[in-house]
Amino acid sequence: MIFYKFLAIWLPLFGWLLAACTAGSSTATKAGQLNVVTTVSPITNIVYNIGGERINLSGIVPEGVNSHTFEPAPSDAKKLAQADLIFINGLNLEEPTLRLAEANLKEGAEIILLGEQTISPDEYVYDFSFPKEAGSPNPHLWPNPLYALRYAGLVRDALVRRDPANADYYNANYETLQGRIEALDTAIQQTLATIPEFNRKLLTYHDSWAYFAPRYGMTVIGAIQPSDFAEPSAQEVAALIAQLRSEQVPAIFGSEVFPSPILDQIAKEAGVQHVDTLRDDDLPGQPGDPNHSYIGLMVENVRIMAASLGGNPDLIADFDTANVPGADSAVEQAQ
Ligand SMILES: [Zn+2]
């Protein structure tokens, strides 16, 4: 009897608590808003900068995991099945996620492959970790700010088409973001121009600068990570050490996402600095921080490149990295 009384009092409270927790968590979706699903964090952030809190946004590739081999979880299938718009980088970056999205696509929903709509096949770069014979071009378009801006334009077009009631808001956010990305492009240009010309070389672990480097007079002289994302062989390591000695680059760049003990060994033997903090899809800071943004990602990378290659990192250090619609704490983004 007492037990039943207990239940009668507490059950509704538990129910309310459960509802409150669900509503308060980042999985809350606002009725009447578009459900938008994205993959890697730079794309999630670009979509957030256009859609703000007028869309229900969920990014499914956790920051700091290998996006090239990421396998979506069963819970991601549910998110994809509820999505009205799914933005994917494409160029074969997120194949398992794309297949899952296609298999679960809601009627009337759209999958938008940003990369394929940003450059044409004659502009695809095949290089160190993405050789032509393997069939997949280098998919890292977003480190080139002009390509990131094109992504933002495609996002704006899709949001305006699907949700015309908020067109003015999406257009205004795009225009503000456009101004910031153009200023970012100039700041990158100016900062990297302070690096002595002979040092404007990138030897990286992860091969993500193919579309960035040519825009700023930098050369990617190599990428260490093999195309299967394993570690390089002893022969490859020896060749890299010889290359580093002859190119005389002051630093080689590892990746936050791919810590590699072999890089340390290569750097020691070649007598160069090993900088392991570049990142291509792991935004700095935490969700809600002002530097947790696409622009924050690029500022951090360029600051590190300038500091390590003899340039002046201060030129870009104070660049405004904040998100156009304000802090991104309400975005559901896997960490
Ligand atoms: Zn990558």
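Helices (H or I, at least four residues) and strands (E, at least two) are DSSP runs, numbered from the N terminus. The model shown in every view is predicted.

**View 1. Domain 1 and domain 2 of the protein chain.** The domain assignment places domain 1 at residues 2–183 and domain 2 at residues 194–314. Their C-alpha centres are 27 Å apart. Domain 1 brings 35 residues to the contact, and domain 2 brings 29.

**View 2. The area buried between domain 1 and domain 2.** About 2500 Å² is buried between the two domains. Carbon and sulfur atoms account for 59% of that area. On the side of domain 1, Phe128, Ser129 and Pro143 lose the most area to domain 2. Together these three residues make up 22% of what that side buries.

View 3. Three helices each supply at least two residues of the side of domain 1 that touches domain 2: helix 2 (41–51), helix 6 (145–162) and helix 7 (167–192). By class, this side of domain 1 has 20 nonpolar residues, 11 polar residues and four charged residues.

**View 4. Gln243 in helix 8.** Helix 8 spans residues 234–247 and contains Gln243. Leaving aside neighbours within four places in sequence, Gln243 contacts Leu203 and Ile221. The C-alpha atoms of Gln243 and Ala270 are separated by 8.8 Å, and the two residues are 27 residues apart along the chain. Gln243 has a relative accessible area of 23%. Partly exposed covers the values between under 20% (buried) and over 50% (exposed), so Gln243 is partly exposed.

**View 5. Phe229, in the loop between strand 6 and helix 8.** Strand 6 covers residues 219–223, and Phe229 lies in the loop between that strand and helix 8. The phi of Phe229 is near 65 degrees. That is a positive value in a residue other than glycine. Phe229 counts as partly exposed because its relative accessibility is 22%.

**View 6. Gln248, in the loop between helix 8 and strand 7.** Strand 7 covers residues 251–255, and the loop between helix 8 and this strand holds Gln248. Gln248 is not a glycine, yet its phi is positive, at about 55 degrees. The relative accessible area of Gln248 is 53%, so this residue is exposed.

Definitions and conventions:
Residues are numbered from 1 along each chain as its sequence is written. This is a predicted model: local features need pLDDT of at least 70, side-chain atom pairs count only at pLDDT 80 or more; totals for chains, interfaces and linings use all residues. Side-chain values use heavy atoms; hydrogens and water are left out. Domain bounds come from an automatic or database domain assignment. Contact means heavy atoms within 4.5 Å. Buried area is the accessible area (1.4 Å probe) that two parts lose on being put together, summed over both. Ala, Val, Leu, Ile, Met, Phe, Trp, Tyr, Cys and Pro count as nonpolar, Asp, Glu, Lys and Arg as charged, and the others, Gly among them, as polar. Buried means under 20% relative accessible area, exposed over 50%, partly exposed in between (1.4 Å probe, protein chains only).
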